[in-house]
Amino acid sequence: SPLSRTPRSTPVVYVGAFEQVRALFADTPDARAAGYKPGYFSFNSGPGRCGRCSGNGFEKVEMQFLSDLYVRCPECEGKRYSQPALEIRLDNKSIHDILELTVEAAVAFFGEREDRKSRKVVKALEPLAEVGLGYLKLGQPLNTLSGGESQRLKLVAHLLDPKSKKGSRPKCSDLLLFDEPTTGLHFDDIGMLLNVFQRLVDSCLLY
């Protein structure tokens with residue numbers, strides 16, 4: 001099935017890591033003092049999201065004969081959240097700052113923390129780096145991804161722990177069909193992708 005093509009879908013949500021990120025913010029002293037729960041920090045439905053754009057960060061402008069335009073929300077300036085939510089900090093970073101991190105930067109940031117939730121975030125994000133998507137921002141809308149990036153993101157779902165939210169380990173009888181997955185990639189990225197393919201084959205041989 002194709003990836004969701006809306007601004008609400010992002011890499012950190014797709015791999016199921018955002019639940020742990022929201023829980024980490026809810027565990028901060030300021031959030032506990034204010035009575036904020038993990039759901040408060042959801043940009044899809046939480047009360048902490050921007051009231052004008054409903055957490056999109058952009059406002060949709062429908063064009064009669066052209067493709068719809070997405071204009072940065074003038075109230076939150078594209079940050080998705082209300083000011084009270086942005087004032088809550090996790091190691092001096094707001095929830096918006098976290099969503100602006102690249103996958104590689106986020107793995108380094110959460111890797112320095114020793115709590116269980118941070119380790120889960122790292123474990124969920126590492127497959128993104130393994131398929132060469134370490135440069136994506138955690139909060140980047142999936143509708144901005146190229147076809148090749150979308151295919152590799154779908155591949156990540158097969159690399160995740162089957163118990164995770166998006167994990168779906170393929171069966172040995174499954175056929176995974178990729179449409180020119182190496183087009184435009186550097187040789188190093190192609191080697192990285194081939195290693196991932198081999199991991200899928202090896203995991204099947206273990207059964």
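K117 is partly exposed, at 27% relative accessibility. Keep in mind that this is a predicted model. The side chain of K117 meets that of D27 in a salt bridge, 3.2 Å from N to O.

Now to R113. Its side chain meets D91 in a salt bridge, at 2.8 Å from N to O. Here, too, distant parts of the chain are linked: R113 is in the loop between helix 6 and helix 7, and D91 is in the loop between helix 4 and helix 5, 22 residues apart. R113 also pairs with D115, with the closest N and O atoms 3.2 Å apart. So D91, R113 and D115 form a network of salt bridges. Is R113 buried or exposed? R113 is buried, at 19%. D91 is partly exposed at 45%, and D115 is partly exposed at 24%.

Next, the inside. In soluble globular proteins, nonpolar side chains tend to be buried together. The largest nonpolar core here has 50 residues, and F110 and L125 have the most contacts inside it. Several helices each supply at least two of its residues, among them helix 2 (18-26), helix 7 (116-130) and helix 9 (187-205). Take L125. Beyond its neighbours within four places in sequence, L125 touches V15, A17, V103, A106, V107 and L138.

Look at helix 2 next. Eight of its nine residues are buried, so helix 2 is largely enclosed by the rest of the structure. The buried ones include F18, R22 and F25. They pack against helix 1, helix 3, helix 5, helix 6 and helix 7.

Now the outside. V61, M63, F65, L66, L69 and V71 make a nonpolar surface patch of about 590 Å². L66 lies in the loop between strand 1 (58-61) and strand 2 (69-72). L66 counts as exposed, at 63% relative accessibility.

Last, the cysteines. How many disulfides are there? The count is zero. The sulfur of C53 is 3.7 Å from its closest cysteine sulfur, in C50, and that is too far for a bond. For C73, the closest is in C76, at 3.8 Å, again too far. The cut-off is 2.5 Å. Both C53, at 5%, and C73, at 1%, are buried.

Definitions and conventions
Residues numbered from 1 in each chain as written. Predicted model: local features only at pLDDT ≥ 70, side-chain atom pairs only at ≥ 80, totals over all residues. Heavy atoms only, no water. Core = buried A, V, L, I, M, F, W, Y, C linked by side-chain atoms within 4.5 Å. Buried < 20%, exposed > 50% of the residue type's maximum accessible area, 1.4 Å probe, protein only. Helix = DSSP H or I, 4+ residues; strand = E, 2+ residues; numbered from the N terminus. Contact = heavy atoms within 4.5 Å. Patch = residues over 30% accessible without salt bridge, like charges linked within 9 Å, V, L, I, M, F, W, Y side chains within 5 Å. Areas by Shrake-Rupley, 256 points an atom, 1.4 Å probe, with all protein chains shown as cover. Salt bridge = Lys/Arg side-chain N within 4 Å of Asp/Glu carboxyl O.
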